[in-house]
Amino acid sequence: MQYYVNFLNDVKREMIYHTLENPKLECGGFLLGHLNINNEKTSCEVEDLYYERRCGTDCEFRFGLSYLIRALKEAETKELELLGTYHSHGQYPATLSYIDHHNLQYYLGLNKVTMVYSPAYSQLLGEFLNDKGVSNRVKILTRY
Ligand SMILES: [Zn+2]
């Protein structure tokens, strides 16, 4: 199985701009779109974002339940699926931390993606938690 996150280019740019508003502090939001799973490929087609302008610390961002509920409502209104989350890593590289794996991935559950962007390193990466609870690195694509 190959895992992909396929961004509309404007949406990827908006996500990165959001993280650059406070490049030293973590911030985060949600990826909306459609999830396509077939025999050999799982693809998160990202078409929109939901985010609020609030920041965490230099090394932590807490999503919380109320933020998730507002994102789910937005997804429902737009007839999109909530595909997963993104958050920034400020001055640190874009790697999924212990907290990202053990708290954030399980915050949304299975068949969801977790993206991390590092403003300092201009790095974007993501992992998809599949239906067996295994986290897999995604290939990132952009479409216009
Ligand atoms: Zn993180």
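This is a predicted model: local features need pLDDT of at least 70, side-chain atom pairs count only at pLDDT 80 or more; totals for chains, interfaces and linings use all residues.
Strands E4 (residues 81-88) and E5 (residues 112-118) run parallel and are joined by 5 bridges. Helices (H or I, at least four residues) and strands (E, at least two) are DSSP runs, numbered from the N terminus, and two strands pair if DSSP finds at least two bridges between them. Across this pairing, tyrosine 86 has methionine 115 in E5 as its bridge partner.

Residues are numbered from 1 along each chain as its sequence is written.

Of the 7 residues of E5, 6 are buried, so this strand is largely enclosed by the rest of the structure. A residue is buried if 20 or more other C-beta atoms, placed from the backbone, lie within 10 Å of its own. E5 also pairs with strand E6 (residues 123-129), which runs antiparallel to it. The two form a hairpin with 4 residues between them, and serine 122 in the turn has a positive phi of about 50°.

Strand E2 (residues 27-37) pairs with strand E3 (residues 41-55), and a hairpin through 3 residues joins the two. E2 is also bridged to E4. The pairings are set out below.

| Strands | Direction | Bridges | Residues opposite each other |
|---|---|---|---|
| E2 and E3 | antiparallel | 10 bridges | glycine 29 and tyrosine 51 |
| E2 and E4 | antiparallel | 6 bridges | leucine 32 and leucine 82 |
| E5 and E6 | antiparallel | 7 bridges | tyrosine 117 and leucine 124 |

The protein chain as a whole has 3 helices and 8 strands, in the order β-α-β-β-α-β-α-β-β-β-β along the sequence. Its radius of gyration is 14 Å, close to the 15 Å that the globule rule gives for 144 residues, so the chain is as compact as a globular protein of that length. The radius is taken over C-alpha atoms, and the rule is 2.2 Å times the number of residues to the power 0.38. Along the principal axes, the C-alpha atoms fill a box of roughly 40 × 30 × 30 Å. Of the 144 residues, 32% count as buried.

Key: A residue is buried if 20 or more other C-beta atoms lie within 10 Å of its own, exposed if 12 or fewer, and partly exposed in between; C-beta atoms are placed from the backbone.
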